[in-house]
Amino acid sequence: MRVLLVEDEADLGLAIKQVLISEKYVVDWVLDGAQAWHCLESQWTDYSVAIVDWLLPELSGLEICQRLRLHQNPLPVLMLTALGQPENRVAGLDAGADDYLVKPFVMEELLARLRALQRRSPQLQPQNLTIGSFTLDYANNALSITGTQPSQMIPLTVKEFQILAYLMQNPDRIISGSKIRHQLWDLDEEPISNVVAAQMRLLRRKLASYDCTCPIETIPGQGYRFNTAL
């Protein structure tokens with residue numbers, strides 16, 4: 001999943017981002033509400049969840065939630081705040097937040113609340129994703145292939161996993177290299193323009209080493225497609 005993290009406390013923001021990356025999330029971290037809204041309005045980026053601090057420069061977390069719901073945007077929002085009184089919780093939830101976590105908190109609780117949002121939100125990534133004979137195994141960070149003797153279990157790097165997950169979520173749809181680059185590399189990485197092509201070559205080479213036909217097609221001049229017929 002791609003996560004928008006909006007937190008102006010530098011130490012806390014960095015700690016949350018590092019934990020999320022270790023859990024295979026793609027993370028965009030911004031420091032104020034205006035930057036957050038710019039990201040949310042971007043035509044390139046599809047977020048699965050937002051983690052938003054309440055007290056932010058420029059635009060508060062409460063206002064971000066209100067704007068999202070005003071625009072009929074169903075993006076799940078986890079609100080972070082030091083304001084822990086019942087009336088604050090009520091205000092946050094009434095503004096459109098889906099959950100509310102009071103500072104200070106432990107990272108294990110943050111991750112647990114994200115998993116809970118995932119279970120409640122069908123648009124979020126499932127634990128396993130199966131298309132035809134290909135299954136992405138989230139627990140083992142691997143691709144399993146049925147119908148082979150014996151069944152294959154191919155370990156994946158984080159970026160290989162993210163590319164396969166993104167394309168498998170959009171089977172038979174052609175997705176441009178630019179769209180993949182903007183979706184799977186966070187705002188701070190600034191990858192080179194041919195990074196997607198390079199990753200695709202590495203992924204195909206890995207699958208070939210396991211005698212597996214790669215289901216990802218290159219469509220010249222258009223992009224890439226997970227072909228369900230393969």
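Are Trp-54 and Tyr-100 buried or exposed? Trp-54 is buried, and Tyr-100 is buried as well, where buried means under 20% relative accessible area, exposed over 50%, and partly exposed in between (1.4 Å probe, protein chains only). This is a predicted model, in which local features need pLDDT of at least 70, side-chain atom pairs count only at pLDDT 80 or more, and totals for chains, interfaces and linings use all residues. Residues are numbered from 1 along each chain as its sequence is written, and side-chain values use heavy atoms, with hydrogens and water left out.

We begin with the sheet. Five strands form an open sheet in the order E2-E1-E3-E4-E5, and their pairing is parallel; strands (E, at least two residues) and helices (H or I, at least four) are DSSP runs numbered from the N terminus, and two strands pair if DSSP finds at least two bridges between them. Strand E2 (26-30) and E5 stand at the edges with a single partner strand each, so one side of each has no neighbour in the sheet. Strand E1 (residues 2-6) pairs with E3 in the parallel sense over 4 bridges, and Leu-4 stands opposite Ala-50 in E3.

Helices lie against this sheet. Helix H1 (residues 10-22) lies across E1, E2, E3 and strand E4 (77-81), and runs at about 170° to E2, while helix H5 (residues 107-120) packs on the sheet by touching E3, E4 and E5, its direction making about 175° with that of E5. Here contact means heavy atoms within 4.5 Å, and axes are lines fitted to C-alpha atoms, for helices over the stretch in contact, with angles from 0 to 180 degrees between N-to-C directions.

The structure also holds 2 aromatic pairs; rings of Phe, Tyr and Trp (its six-membered ring) pair if their centres lie within 6.5 Å, and planes under 30 degrees apart count as stacked, over 60 as edge-to-face and the rest as tilted. The rings of Trp-54 and Tyr-100 have centres 6.3 Å apart and planes at 90°, so this pair is edge-to-face. It links distant parts of the chain, since Trp-54 lies in the loop between strand E3 (49-53) and helix H3 (61-70), and Tyr-100 in strand E5 (residues 99-102), 46 residues apart. For Phe-134 and Phe-226 the ring centres are 5.9 Å apart and the planes stand at 85°, so that pair is edge-to-face. Phe-134 counts as buried at 6% relative accessibility, and Phe-226 is buried with a relative accessible area of 1%.
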